[in-house]
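We will go from the whole chain down to single side chains, one stop at a time.

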Amino acid sequence: MTTQDTFLNDPLTVVPPNPPQAAPVDAPALWQRFPAAALEGVDTARTMWSEVVPGGSHWSWRMPRGSAIRFVALEAGANVSLVLYSALEKLERYNMPDSVKAQHTAHYTRGHVLMSDMGRSMASFTADSLGWHDPFGALLDNELMQQKYGEKRYEHARNAMHRSGKDGLLIEIGKYGLTKRDLIAPVNLFSKVSVDAQGRFGFVPDHAQAGDFVELRFDMDVILAMSTAPHGLDTAPAYSPKKVGLLAWRCGAAPANDVCRAFRPENARALHNTDMLYL
């Protein structure tokens, strides 16, 4: 009998139960402010955290496999530019060309997955009230922002400053040791960009209305960085970014009958490739 067996079989030994999962620290239930329809299907009992991100702001998280974020437009015309990197190996990151080519699409909606440059699913669109999210419109950078809206620096405007999506994402990915050369083409949630017969992009104003939502399930451990600056092609005459609500919870990894697995064979293969990392 081992020392451990003796310890466990000793009638005088009290073995404490496994401690309960710790509650989030300083995690106000901000999701209770969101429109009820935008929370349909979310198990709020498994909430990790929630947040309201002001327009023109930026943030980042390390999201574990089997978690999800419901993004909610709290104002019409919202935009969220986001990028994804593998938390296991940051050289692996979201690849826009492979994702749209493999899924034969020019926009994202429920059933689509965001593939890495290694052919793995990083995240999946599991719920969507809009049906169209832009993969092509890139980012608002400082030069374009100043041309369209003029300049407002923090020294003079404080929190009313103008900040581009590019600057916001560079600040966030820099927290993880990534640099300007690591910045990739983003996904622009809540934005719609159409293409005319001449191949020109056309921005659709106010595509998202207050209460619209989209949900991403994370199929691997990822670093997610996001900006709520306006879309680079936004036709609004003034800098007026919109706030967005976020609710993160533990949803579990993609099941065998997952809608994204069944959407296309390429999606099933990308999810399988990710699953192989976690055997």
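The tour below starts with the whole chain and ends at single residues.

**Before you click**

This is a predicted model, in which local features need pLDDT of at least 70 and side-chain atom pairs count only at pLDDT 80 or more, while totals for chains, interfaces and linings use all residues. Residues are numbered from 1 along each chain as its sequence is written, and side-chain values use heavy atoms, with hydrogens and water left out.

**Stop 1: the whole chain**

Show the C-alpha trace: along its principal axes it spans about 75 × 45 × 40 Å. Switch to cartoon and you have seven helices and 12 strands; these are DSSP runs numbered from the N terminus, with helices being H or I of at least four residues and strands E of at least two. Among contacts (heavy atoms within 4.5 Å) between residues at least 6 apart in sequence, 76% join residues at least 24 apart.

The accessible area is about 14,000 Å², and 53% of it belongs to carbon and sulfur atoms; the method is Shrake-Rupley with a 1.4 Å probe, and for residues only the protein chains shown count as cover. Of the 279 residues, 47% count as buried, where buried means under 20% relative accessible area, exposed over 50% and partly exposed in between (1.4 Å probe, protein chains only).

**Stop 2: the nonpolar cores**

Select Phe71, Leu82, Leu84 and Phe190. In the largest nonpolar core, which has 46 residues, these four touch the most other members. Apart from that core lies another of 11 residues, including Phe34, Val42, Leu247 and Trp249. A nonpolar core here is a set of buried Ala, Val, Leu, Ile, Met, Phe, Trp, Tyr and Cys residues joined through side-chain atoms within 4.5 Å.

**Stop 3: helix 5**

Which residues of helix 5 (165-174) are buried? Select Gly165, Gly168, Leu169, Leu170, Glu172 and Ile173 to see them. Their cover includes strand 2 (58-63), strand 4 (80-86) and strand 11 (222-227).

**Stop 4: two histidines in one loop**

Move to the loop between helix 2 (96-102) and strand 5 (113-115), where you will find His104. His104 has a positive phi of about 50° although it is not a glycine, and it is exposed, at 59% relative accessible area.

His112 is in the loop between helix 2 and strand 5 too. Is His112 buried or exposed? At 4% relative accessibility, His112 is buried. Its side chain reaches the backbone nitrogen of Thr109 at 2.9 Å, a polar contact (a pair of N or O atoms within 3.5 Å; within protein, one must be able to donate a hydrogen and the other to accept it, and residues adjacent in sequence count only if both atoms are side-chain atoms). Leaving aside neighbours within four places in sequence, the contacts of His112 include Ser124, Phe125, Cys260 and Phe263.

**Stop 5: Asp258**

Cys260 leads us on to Asp258, whose side chain reaches the backbone nitrogen of Cys260 at 3.1 Å. Asp258 lies in the loop between strand 12 (244-250) and helix 6 (259-263), and it is buried at 6% relative accessible area. Beyond four places in sequence, Asp258 is in contact with Arg217 and Leu271.

**Last stop: Ala138**

Finish in the loop between strand 6 (121-128) and helix 3 (142-149), where Ala138 is found. Phi of Ala138 is near 60°, a positive value in a residue other than glycine, and Ala138 is partly exposed, at 38% relative accessible area.
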